[in-house]
Amino acid sequence: MGEQTQTQPQIQNQPQSQHHPDSSTTTTATTTQPPPPPPSTDASLLSPPQNSTSSKLPFRPQKIRKLSPDASADNPNPKSTDGKTTSATATTHPNKKSKIVVQQVVRIPPRITARTLSYKGEVELALRHLRSADPQLARLIDLHLPPTFDSFQPPFLALSKSILYQQLAYKAGTSIYTRFVSLCGGESSVLPEAVLSLTPHQLRQIGISARKSSYLHDLANKYRNGILSDTSIVEMDDKSLFTMLTMVKGIGPWSVHMFMIFSLHRPDVLPVGDVGVRKGVQLLYGLEQLPRPSQMEQLCEKWRPYRSVASWYMWRFAEAHGAPATAAAVAVDASQQQQQPPPPLPQIMDPITSIANLG
């Protein structure tokens with residue numbers, strides 16, 4: 001009995017004496033098993049639980065990886081969709097059909113919010129809106145046949161044509177444009193590469209000034225560099241298109257407005273700098289003075305989203321009251337009309353029938 005009482009305390013004190021000198025063994029046991037070992041276990045018996053615990057740790061992430069594909073099988077790309085849509089698809093609609101619906105919502109963003117005026121029935125919708133929005137304009141609409149917007153030219157060809165007609169009467173502009181098209185090899189061949197291949201001397205021989213030659217080359221260079229393209233021009237919204245086109249040399253705000261209305265058939269364009277439209281607004285509302293461009297936005301706000309069609313009637317209204325053709329008067333301010341005013345020339349290119357940019 002005396003020997004047993006002496007050996008038993010030795011066994012209890014043995015782990016405590018080995019706790020400090022053997023740091024490698026005891027530290028691992030302390031991290032993996034914080035509770036102290038029972039009194040009946042020896043210090044050498046602590047290593048098997050160590051190895052078994054550390055051997056199990058690498059397998060725990062594998063269990064998590066096995067669960068993650070199953071949880072996200074219905075939505076392999078959660079970042080590409082909206083958070084609410086992703087959670088709803090993963091929990092309530094785990095089939096393939098619901099996943100296709102989510103992809104369709106993400107891949108079809110609207111590019112142009114409004115239909116063009118060449119779309120069937122769009123002009124009729126515009127006239128109906130303008131009649132209800134502006135009773136004064138409604139009386140003017142009844143006096144004229146509705147406009148048509150059915151002509152179309154590729155944007156590069158239309159912009160090149162607008163540059164060539166600048167500051168020219170219809171007959172002179174048509175003559176130069178015809179020679180230019182022939183030099184390129186036909187209207188279908190009026191492309192950026194063809195224009196860049198023509199030297200200023202070649203263009204000067206057909207009546208194109210050096211300044212207009214630089215305008216044409218600048219437009220063609222922006223196409224070649226990818227800044228502009230026919231596709232991007234058609235798909236751009238009005239604000240972005242205005243910004244991009246006014247970067248081209250020789251194309252000003254009025255030119256862009258005419259291009260947007262009569263080439264792209266955009267429905268909500270208000271040429272605030274056009275004298276014909278401003279004159280029509282003055283006559284329509286009985287204003288004492290020609291409205292400034294800064295006033296046009298407020299005066300014509302009620303015409304949205306069909307200000308292009310309303311502008312067409314302002315041209316007709318101004319011409320009916322003796323105003324010169326729009327293309328002849330576009331660069332003439334009201335204060336300058338005291339000088340010798342241009343006579344009404346029917347041969348001047350009318351933006352109603354074509355695009356003769358003078359801006």
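1. F149 is buried, at a relative accessible area of 6%; buried means under 20% relative accessible area (1.4 Å probe, protein chains only). F262 is buried too, at 8%. This is a predicted model, in which local features need pLDDT of at least 70 and side-chain atom pairs count only at pLDDT 80 or more, while totals for chains, interfaces and linings use all residues. Residues are numbered from 1 along each chain as its sequence is written, and side-chain values use heavy atoms, without hydrogens and water.

2. The structure holds 5 aromatic pairs (rings of Phe, Tyr and Trp, the last by its six-membered ring, with centres within 6.5 Å). In one of them, F149 and F262 have ring centres 6.4 Å apart and planes at 25°, so this pair is stacked (planes under 30 degrees apart). F149 lies in the loop between helix 8 (135-141) and helix 9 (155-164), and F262 in helix 16 (residues 253-262), so the pair ties together parts 113 residues apart in sequence. Helices are DSSP runs (H or I, at least four residues), numbered from the N terminus. Ring pairs link F149, F262 and W315 into a cluster.

3. F156 is buried at 2% relative accessibility, and Y223 is buried at 12%. Their ring centres are 4.9 Å apart with planes at 75°, so the pair is edge-to-face (planes over 60 degrees apart). F156 lies in helix 9 and Y223 in helix 13 (residues 210-224), so the pair ties together parts 67 residues apart in sequence.

4. K161 lies over the face of Y177, at 5.1 Å from the ring centre. The cut-offs for a charge over a ring are NZ of Lys or CZ of Arg within 6 Å of the ring centre and within 35 degrees of the ring normal. R316 lies over the face of W312, at 5.3 Å from the ring centre.

Technical notes. Helices (H or I, at least four residues) and strands (E, at least two) are DSSP runs, numbered from the N terminus. Buried means under 20% relative accessible area, exposed over 50%, partly exposed in between (1.4 Å probe, protein chains only).
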